[in-house]
Amino acid sequence: MSYTTPQVILLWIVALAIAWVILVRIVRMFVHFPIPSFLAQFLDNPIRRMLQPPATVVDWIDIREGMRVLEIGPGPGTFTIEAARRAGDNGRIFAVDIQPVVITRLDERLKRDEITNVRAEVASAYQLPYRNGFFDRVFMITVLGEIPDKRRALLEIKRVLKDDGLLAVGEFLPDPDYPRRETVFNWCRSARFELVGRYGGLWHYVLTFKKSESQKKQTIIHSGPVKFFSFGSLRETFA
Ligand SMILES: C[S@@+](CC[C@H](N)C(=O)[O-])C[C@H]1O[C@@H](n2cnc3c(N)ncnc32)[C@H](O)[C@@H]1O
């Protein structure tokens, strides 16, 4: 048997990809860090776009003309750009990422593509630089699993979301941090969000949530400074 036939090479690629995902999941049990920024840029590629089409995901999030939308953890901007098209000239997308280099690259891409209704800034999901009840939609795609203190991030999201706004959490199976839908549901329920929609399947999905009735009109105060380990021996503090 030849070790270089296309089938054998394909099997090797699949086996290595699975081994990589298992390795990262094991490492993640002990240490949390955001995806290294040099890898983040490869997240936008034709294969992923085919498997998790941005237009479908943004349809599920239900972004409409004129909305004010927050994306947490935009990475290379795959979903940011689609969301910006939907929100149109009267809408606005705010994209925040904890890694400055991710935001610099996204800004460059937005300029290149002449997209003017997106504001990209460095911030942590733990401490969002926006006032209470500011957004119609908040979404995060393959991000929540990467955040160590999910409840803290979700409570902060709830603060900036309008009472009739929606939170959308999207996940993609090949992501080493992929959580099952039930897990995301439980995280969000513990932060007092109610499920309103579920889309997609095992391969990729979006769950949408609204604030539970009892949580509306409540003001949540910012918690303290945020410490987060990021790749490349950075220890950043967003005070
Ligand atoms: C796996 S990438 C996903 C990028 C993009 N959403 C996508 O699906 O292509 C996760 C992104 O979330 C960002 N991130 C991780 N933790 C964060 C936090 N606490 N606050 C804001 N952004 C965070 C990372 O820097 C990274 O850009």
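Predicted model: local features only at pLDDT ≥ 70, side-chain atom pairs only at ≥ 80, totals over all residues.
Here is a walk through this structure, from the whole chain to its sheet, its core and the surroundings of its ligand.

Residues are numbered from 1 along each chain as its sequence is written.

Let's start with the whole chain. It holds eight helices and nine strands, taken as DSSP runs numbered from the N terminus (helices are H or I with at least four residues, strands E with at least two). Of the 239 residues, 34% are buried. Buried means that 20 or more other C-beta atoms lie within 10 Å of the residue's own; exposed means 12 or fewer, partly exposed is in between, and C-beta atoms are placed from the backbone. Among contacts between residues at least 6 apart in sequence, 70% join residues at least 24 apart, a contact being two C-beta atoms, placed from the backbone, within 7 Å.

Now to the sheet. Seven strands form an open, mixed sheet in the order β3-β2-β1-β4-β5-β7-β6, where two strands pair if DSSP finds at least two bridges between them. At the edges are β3 (118-122) and β6 (193-200), each pairing on one side only. Neighbouring strands are turned by 20° against each other on average, direction ignored; axes are lines fitted to C-alpha atoms, for helices over the stretch in contact, and angles run from 0 to 180 degrees between N-to-C directions.

β6 and β7 (residues 204-211) form a hairpin with three residues between them, and they pair in the antiparallel sense over seven bridges. Within β7, Tyr205 is the bridge partner of Gly200, while Leu207 stands opposite Arg198. β5 also runs antiparallel to β7, joined by six bridges, and Glu171 stands opposite Tyr205. Eight of the eight residues in β7 are buried. Helix α8 (residues 181-190) packs on the sheet, touching β5 (161-172), β6 and β7, and its direction makes about 20° with that of β7.

Moving on to β2, we find Arg92 in this strand. Arg92 counts as partly exposed because it has 18 C-beta neighbours inside 10 Å. Leaving out residues up to four places away in sequence, Arg92 touches Arg68, Ala87, Asn117 and Arg119. Gly66 is 26 residues from Arg92 in sequence, yet their C-alpha atoms are 7.2 Å apart.

The largest nonpolar core has 51 residues, of which Val69, Ala83, Ile93, Val138, Leu167 and Val169 touch the most other members. Such a core is a set of buried Ala, Val, Leu, Ile, Met, Phe, Trp, Tyr and Cys residues joined through C-beta atoms within 7 Å. Ala83 touches Val58, Ile63, Val69, Glu71 and Ile93, again not counting residues up to four places away in sequence.

Finally, the ligand. Of the 22 residues around it, Pro34, Gly73, Gly75, Ile98 and Ala125 come nearest; a residue is near if its C-beta atom, placed from the backbone, lies within 6 Å. The shell has 14 nonpolar, six polar and two charged residues. Here Ala, Val, Leu, Ile, Met, Phe, Trp, Tyr, Cys and Pro count as nonpolar, Asp, Glu, Lys and Arg as charged, and the others, Gly among them, as polar.
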